[in-house]
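Please look over the chain shown here before reading on. The report then works from the overall fold towards individual residues.

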Amino acid sequence: MHFEHTFNDYQQTYKHEGRVRSDVIELTNSYNTLTTSIRELTNDAGVDINVVSINGTIPIQHRDATYYIPLDIYITYDYPSEKPLCFVVALRGMNIVPSHKYVDTSGKCYHHYLSNWTFNSNLKQLVENLSIAFSEMPPLYQGYQTQNSTVTQPQNPTRTNPSAPPSTEPTEAPTCVICLDASRTHACLPCGHRVLCERCSRLLRDNKCPVCRETVEYVAKIYD
Ligand SMILES: [Zn+2]
Ligand SMILES: [Zn+2]
């Protein structure tokens with residue numbers, strides 16, 4: 001397992017190595033859209049340290065479809081005495097929803113599960129809580145930055161206020177899992193997940209399918 005390899009290089013650094021290992025494995029076993037890596041993180045003293053990081057996407061349920069929110073989690077050395085750092089990642093062309101309840105403009109997450117973090121809290125429960133919170137209020141929308149401001153606000157009011165979608169509206173076809181906006185016209189190959197719009201298909205993160213994390217060799221436009 002790739003994680004064993006990366007983790008063994010750093011196990012001396014973690015005070016509670018067993019907990020880090022079991023919590024990360026529990027999380028990645030529950031979410032196959034998440035994988036582990038070693039990443040550089042600037043600590044409070046301004047020093048770059050290498051930490052175990054969990055990267056990928058987490059599923060949310062929105063407008064009767066499943067979408068995937070890009071997420072990075074960093075496990076600091078005192079984990080779980082110290083809570084992990086958690087960031088929503090706005091890929092190119094995406095913006096963080098302004099004044100989001102759980103995410104600041106840098107993407108950093110402030111869910112109450114994090115603010116109430118204890119030694120007995122764990123990564124799987126954190127991600128479950130974020131998934132529920134982001135289902136109620138997705139943290140990302142598609143837009144274009146100008147020099148001074150974001151000019152494209154979400155066209156659909158349910159985007160910024162998803163808690164009040166008109167329930168009488170006919171169910172729309174699910175939209176792209178990354179931007180939640182455009183049609184799902186493109187499929188990842190070889191896995192075959194048709195979940196992306198054209199724009200997002202060109203901006204795939206780590207060249208991995210956002211649904212199954214399989215490496216994408218080709219992206220194909222699908223004609224109905
Ligand atoms: Zn898209
Ligand atoms: Zn896939």
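Predicted model: local features only at pLDDT ≥ 70, side-chain atom pairs only at ≥ 80, totals over all residues.

Residues are numbered from 1 along each chain as its sequence is written, while chains are lettered from A and ligands numbered from 1 in the order in which they are written.

The secondary structure consists of six helices and nine strands, where helices (H or I, at least four residues) and strands (E, at least two) are DSSP runs numbered from the N terminus. Of the 224 residues in the chain, 32% are buried; a residue is buried if 20 or more other C-beta atoms lie within 10 Å of its own, exposed if 12 or fewer, and partly exposed in between, with C-beta atoms placed from the backbone.

The largest nonpolar core has 48 residues, and those with the most contacts inside it are Ile58, Ile69, Cys176 and Val177; such a core is a set of buried Ala, Val, Leu, Ile, Met, Phe, Trp, Tyr and Cys residues joined through C-beta atoms within 7 Å. Because domain 1 (3-140) and domain 2 (155-224) both give residues to this core, it lies between them, the domain bounds coming from an automatic or database domain assignment. Leaving aside neighbours within four places in sequence, Ile69 is in contact (C-beta atoms, placed from the backbone, within 7 Å) with residues including Ile58, Val88, Phe134 and Leu140.

Helix 2 (residues 17-30) and helix 4 (residues 123-136) have axes that come within 8 Å and cross at roughly 40°, the axes being lines fitted to C-alpha atoms over the stretch in contact, with angles from 0 to 180 degrees between N-to-C directions. The two helices are therefore oblique to each other, as angles under 35 degrees count as roughly parallel, over 145 as roughly antiparallel, 65 to 115 as roughly perpendicular and the rest as oblique. In this pair, Asp23, Val24, Glu26, Leu27 and Ser30 of helix 2 meet Leu123, Lys124 and Val127 of helix 4.

Most residues other than glycine have a negative phi, and most peptide bonds are trans. The table lists the exceptions described here.

| Site | Backbone feature |
|---|---|
| Tyr79 to Pro80 | cis peptide bond, omega near 0° |
| Leu189 to Pro190 | cis peptide bond, omega near 15° |
| Asp64 | positive phi of about 65° |
| Arg213 | positive phi of about 70° |

Asp64 is exposed, with 9 other C-beta atoms within 10 Å, whereas Arg213 counts as partly exposed, with 19 C-beta neighbours inside 10 Å.

Technical notes. Contact = placed C-beta atoms within 7 Å.
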